[in-house]
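Student: I'd like to learn how to read a protein model. Could we go through it together, one feature at a time?

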Amino acid sequence: MDAIKSATREFIGKYVRNRELADSDDLFASGFVNSLFVMQLVMFVESELATPVADEDLQMDNFRSVDAVAAFVARKAAATPAA
Amino acid sequence: MQLTARQESLLAEARSYVAQEIAPYAGAWDENQAVPESAVAGFAARGHLGALVPREYGGAGLDAVSFGLLNEAVGYGCSSMRSLLTVHSMVVHAVTRWGSEQQRAHWLPRLAGGGSIGAFALSESEAGSDAGRLRTTAQRLPEGGYTLTGGKMWTTFGQRADVYLVFARLDGQITAFLVERGAPGLEVVPVTGMLGTRASLLAELRLDDCRVPADALVGRPGFGLSAVATSALDIGRYSVAWGCVGLLAACADASVAHADERVQFGRPLGEHQLVRRMIADMVTDTTAARLLCLRAGQLKDAGDPATVDATWTAKYFASVKAFRAAADTVQIFGAAGCAEGHPAQRMLRDAKIMEIIEGSTQVQQDYLAQAALRERAV
Ligand SMILES: Cc1cc2nc3c(=O)[nH]c(=O)nc-3n(C[C@H](O)[C@H](O)[C@H](O)COP(=O)(O)OP(=O)(O)OC[C@H]3O[C@@H](n4cnc5c(N)ncnc54)[C@H](O)[C@@H]3O)c2cc1C
């Protein structure tokens, strides 16, 4: 969980200018990020966190903060039987 | 370029198909303001409409680099045909990426075979670069399904398409819908007389209480712009960038051939220094644009989010340079290049379009500068 949060924090840091974000801060609430960020975040979750994002996962609650991304990844991992 | 043997052979095949069946007719299609049905059918028969459709749904399932090479080959011969590949593939990508399993099973085999041609309807009269201002609305019907009301402008291949990816506000939030050509309340009005990509069958869409079924919604409400449109536009921008590489190469080839043959002041044009400079810039820009596109494609194939900015860079560079190369090509041909039906003037008109669609030059400059400033702040 910690590794996921720190990787996510680092990724988001590349796209958010001049801000110390708390893990619970809402990325979309105050326009910290531009309109392409959702797509970039989804690609990051898929490639770096190895968690497929399906159409039904498109909910702000899965992506709005570092905490939300970590919880989403953990939930998906629990739902997928280990290969 | 570091291409695989498969990519090399795909490129060679696409080039020879374009040389035989597309390039010789591009001028006539431009003049008639339409690519004929036979060209669309030929394109479909070669599987190009299924380029991005996964194999399990009957497509070619091309990797991003191969798809790019196909766009270069088609863009070399005809920007209007490349536009078909662009907008159709944007719809394919949206359905593949964000469609439900039922939507994929229904639409992808049709899109792959060309039974259904797709078009992308985002722009409106008041919403161009600022797409977030769009005003088309969607309302839920008590019995299920939705009605859409509003107007879409400049829909490439709108005259020919069978299914449109339409963006509308549902409860105020931008949401994507697949609207079939025959949907009640949809009127398709041809747009003619455009400056460039004149054969790309543009249309205006008028939606008046246009009814669509419940399963027309793609992705999730509120994610129409941030997920569905942005990822489709990323593919569109990538396709246009590669198409511009084709345009650049076509400008360079035409200019070199002419400069070699045309004699003025007792020497071929290619021996006059000022002409040589234009040629040097064209061939350098062609190579540079191709490398930027290749990098964007390799990042796509790796699933790396950095592909998004790399694609903006590639499209910005390739479109600006394509326009300059086309203007220089007209210059090198002189009066002949200005004449009706001359490929140089068509390429110049087509190249200007590339600086407007899929993020205009100024929007790209603004975005890329913003990205650079953001990186420095980290
Ligand atoms: C041939 C063709 C085909 C098209 N096909 C489609 C299609 O299939 N589907 C679809 O949805 N749309 C399509 N479009 C529309 C296209 O997406 C828009 O033209 C594009 O988004 C630009 O919008 P606009 O034309 O309204 O120009 P505007 O947004 O009004 O811009 C006009 C000028 O202002 C500049 N400008 C705008 N904002 C800024 C800024 N922030 N900073 C600096 N300068 C700025 C622009 O660069 C441009 O030079 C097509 C257009 C053409 C010409």
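Student: How many salt bridges are there between chain A and chain B?

Tutor: Start with the general idea: side chains of opposite charge can pair when their charged atoms come close. The rule used here asks for a side-chain nitrogen of Lys or Arg within 4 Å of a carboxyl oxygen of Asp or Glu. Between chain A and chain B, the count is two salt bridges. In one of them, the side chains of A:D55 and B:R220 meet, at 4.0 Å from N to O.

Student: Before we go on, what sort of model is this?

Tutor: This is a predicted model, in which local features need pLDDT of at least 70 and side-chain atom pairs count only at pLDDT 80 or more, while totals for chains, interfaces and linings use all residues; side-chain values use heavy atoms, with hydrogens and water left out. Residues are numbered from 1 along each chain as its sequence is written, and chains are lettered from A and ligands numbered from 1 in the order in which they are written.

Student: How many residues does the contact take from chain A and from chain B?

Tutor: Contact means heavy atoms within 4.5 Å. By that rule, chain A brings 25 residues and chain B brings 26 residues. Chain A and chain B bury about 2,200 Å² between them, with 64% of it on carbon and sulfur atoms. On the chain A side, A:M39, A:D55 and A:L58 supply 29% of the area buried against chain B, more than any other three residues.

Student: Which domains does the assignment give for chain B?

Tutor: Domain bounds come from an automatic or database domain assignment. For chain B, that gives domain 1 (5-117), domain 2 (119-221) and domain 3 (225-377). Take domain 2 and domain 3 of chain B: their centres, taken over C-alpha atoms, are 30 Å apart. Their contact takes 14 residues from domain 2 of chain B and twelve residues from domain 3 of chain B. The area buried between domain 2 and domain 3 of chain B is about 990 Å², and carbon and sulfur atoms give 80% of that. On the domain 2 side, B:F120, B:L195 and B:T197 lose the most area to domain 3 of chain B, together 41% of what that side buries.

Student: How do I read pockets and cavities?

Tutor: Picture a 1 Å grid over the protein atoms alone: a cavity is a set of points where a 1.4 Å probe fits but cannot get out, a pocket is an open set with protein on both sides within 12 Å along at least five of seven lines, and lining residues have an atom within 4 Å of a point. Grid points are joined across faces, edges and corners, and a volume is the space filled by probe spheres set on the points. The largest pocket here has a volume of about 1,200 Å³. Its lining has 45 residues, and B:S123, B:G128, B:S129, B:E358 and B:G359 lie nearest its centre. α7(B) gives the most to that lining, with six residues.

Student: Why does the second largest pocket lie between domain 1 and domain 3 of chain B?

Tutor: Domain 1 (5-117) and domain 3 (225-377) of chain B both give residues to its lining, so the second largest pocket lies between them. About 630 Å³ of space lies in the second largest pocket. Of its 28 lining residues, the closest to its centre are A:M43, B:H93, B:R97, B:I235 and B:K300. The largest share of this lining, five residues, comes from α2(A).

Student: What about cavities: how many of 30 Å³ or more does the search find?

Tutor: The search of the whole structure finds one, and about 50 Å³ of space lies in the largest cavity. B:D30 turns up again here, among the lining residues of the largest cavity. α2(B) gives the largest share of that lining, three residues.

Terms used:
Helices (H or I, at least four residues) and strands (E, at least two) are DSSP runs, numbered from the N terminus. Buried area is the accessible area (1.4 Å probe) that two parts lose on being put together, summed over both.
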